[in-house]
Amino acid sequence: MTLSVQLTLQRGAFSLQINNSLPLQGVTALFGRSGCGKTTLLRAIAGLDCHADAEVQCGAAIWQQSSRFVPVHQRRIGMVFQESSLLPHLTVAQNLLYGFNRLAKDTLIQLQPEQVIQLLELTPLLQQAPEQLSGGQRQRVALGRALLSQPQLLLLDEPLASLDQQSRSEILPFLQRIASQTGIPMLLVSHQLDDVVKLADQLVLMQDGRIISQGPLAQQLLQPELAAIGAMSLLHAKSHGSVNHLQHLSIGKQQLQLPAPQHGDTASYSPTCYRLRIQARDVALSLKPLSDSSVSNQLQVSISGFNSAPHPAETLVQLTLAGQPLQALLTKQSVERLCLKIGQPIYAQIKAVALD
Amino acid sequence: MPELFATLSPQDWQAIRLTLKLCFYTTVILLLLGTPLAWWLSLSQSKLRTAIQAIVALPLVLPPTVLGFYLLLLLGPHGAVGGTLEQLGLSHLAFSFSGILIGSVIYSLPFTVQPLLESFRRMGPRPLEVAATLGAGKLDQLFSVVLPLCRGSFIIAATLTFAHTLGEFGVILMLGGSIPGETQVLSVLIYDHTEAMNYAQAQQLSLGLVISAFVVLFIVYGLNRRFEREALL
């Protein structure tokens, strides 16, 4: 599904100029600094604000074009706002069903209330009032409520921003589960690269009211704007089960072993594919494989380029591993000492990986 | 107390019925008019808003006689509204129940609009945006979100409007005079009784008004406290 947006806006010194088509599949992150226009764009897509001359088309549905403006309640969207947005006069169960009960009779029901309640583990909360819930629980209910309105597109406006670190890590697995199990495309507005890297498949990078690049997350992470925040890489690896708490993974023909994730509640949920987040500073390079090192994950890669790093003494080395990009942050001195060149095969030692 | 009211004359009862009728109609009309007006005031960014807000608050500061005077000019046989009605073969509105009803609606407008405006502002746009993204149209939002969330303020607005109309005097005297069954409401009748030196009758009605006004306000402040507690939860 493709979302096409055309939007021009001038508010004092701030101008927003969007004329883009965003292919929506899985989770698309709309990433940028606070105040770059992400939320304005999201609200225009939802139809919460009506801007003159804007055009919005979602798949085959034209939501806004010249004088035509489909009001919010007729757009098939689900939206989760930044702060708690549960209707305070309704119980959790009533909140969940608010949208579901308002569906047109001919709507194809893809998600039943029982499924969503189970997916988001909401059963113990159903009869409670919103004010009795924690921040993380409220966002979980808001997610479930949005899902039950059977949306074509799920819009998430910084859904984790108002949560503390613990609630944040509580709700992330649920977002991942929704993304992988419902197949509903999600557009996630965020200014937290950490959240984006854990969730997104695609990344749309915004700066000063413009979309400056878009594409698969792993490639987008090579963008200098993102590298400046914290250079990292995302690798997709196949799972081969775990032995002695070690997760066996493969990327292309190469093997990795990592401590298996310890999720008490998701023991039955074993993905076939894992996302590996690797900080550029956790990757070391050597010309020959190291045999007398404690680092056990050693991958054969080739050098595809060099980028400048935020620190003047450092260089970001771009590597390719079975077609996937990987970045290593080295000092310029090391690069010169090892005589690294583009196209050169080399060994990457990976010291730390976060598994999702 | 029963002995006290046993001596009420048919004229007194007529005035009581008329007063209650006036209060009831005024309250209903003002809730219907005041809700959209307060809603618009809570959302509007337009420059007109400040002007409208000042106009709504005018009856709070103007002497009722000023309001009644201008309404008399407007609604009377030679006024813009009254004159037009006469030309259409209808009668003008001065010294009629319709006339004092219009006067009451204007006079009590701030008592409906203020509490509603306050609660709409407190609610903010978010609950409605949420409802809209979940498929609720405007009218649906009014009934499923606005009314339940601002329930307390609607009750308070209605009670205050009713009570304020009960105490109306100047506007009615100027605009409606004192026609039994048409414009002679309690406050006007008390004035008439006093003028005629019927102190006992004036006393009965006055005491009745004091008690009923106290009861109404007691209820309002009780509700206020309860809804404040609810809002804090």
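A residue is buried if 20 or more other C-beta atoms lie within 10 Å of its own, exposed if 12 or fewer, and partly exposed in between, with C-beta atoms placed from the backbone. The model shown is predicted: local features need pLDDT of at least 70, side-chain atom pairs count only at pLDDT 80 or more, and totals for chains, interfaces and linings use all residues. Residues are numbered from 1 along each chain as its sequence is written, while chains are lettered from A and ligands numbered from 1 in the order in which they are written.

**View 1. Chain A as a whole has nine helices and 21 strands.** Helices (H or I, at least four residues) and strands (E, at least two) are DSSP runs, numbered from the N terminus. Chain A has a radius of gyration of 22 Å, close to the 21 Å that the globule rule gives for 356 residues, so it is as compact as a globular protein of that length. That radius is taken over C-alpha atoms, and the rule is 2.2 Å times the number of residues to the power 0.38. The C-alpha trace spans about 65 × 50 × 35 Å along its principal axes, and 38% of the 356 residues count as buried.

**View 2. Strand β8 (residues 153-157) of chain A is largely enclosed by the rest of the structure, because five of its five residues are buried.** A:L153, A:L155 and A:D157 lie on one side and A:L154 and A:L156 on the other. In a regular strand the side chains alternate between the two faces of the sheet. Two strands pair if DSSP finds at least two bridges between them. Four bridges join β7 (residues 77-80) of chain A to β8(A) in parallel, with A:I77 partnered by A:L153. Four bridges also join β8(A) to β9 (residues 186-190) of chain A, again in parallel, and A:D157 stands opposite A:V189 there.

**View 3. The largest nonpolar core holds 143 residues.** Such a core is a set of buried Ala, Val, Leu, Ile, Met, Phe, Trp, Tyr and Cys residues joined through C-beta atoms within 7 Å. The residues touching the most other members are A:A29, A:L30, A:L155, A:L187 and A:L188. Helix α6 (residues 97-123) of chain B gives the most to this core, with nine residues. Two residues are in contact if their C-beta atoms, placed from the backbone, lie within 7 Å. Leaving out residues up to four places away in sequence, A:L187 touches A:L24, A:T28, A:L30, A:L42, A:L153, A:L155 and A:L156.

**View 4. An open sheet of five strands in chain A has the order β14-β13-β12-β15-β21, with antiparallel pairing.** Its edge strands, β14 (254-259) and β21 (354-355), each pair on one side only. Strands β12 (residues 232-243) and β15 (residues 273-279) of chain A pair over seven bridges, and A:L234 stands opposite A:R277.

**View 5. A:D208 and A:H245 are loop residues with positive phi.** Most residues other than glycine have a negative phi. A:D208, in the loop between β10 (202-207) and β11 (210-216) of chain A, has a phi of about 45°. A:D208 counts as partly exposed because it has 14 C-beta neighbours inside 10 Å. For A:H245, in the loop between β12 and β13 (246-251) of chain A, phi is near 65°. A:H245 has 10 C-beta neighbours inside 10 Å and so counts as exposed.
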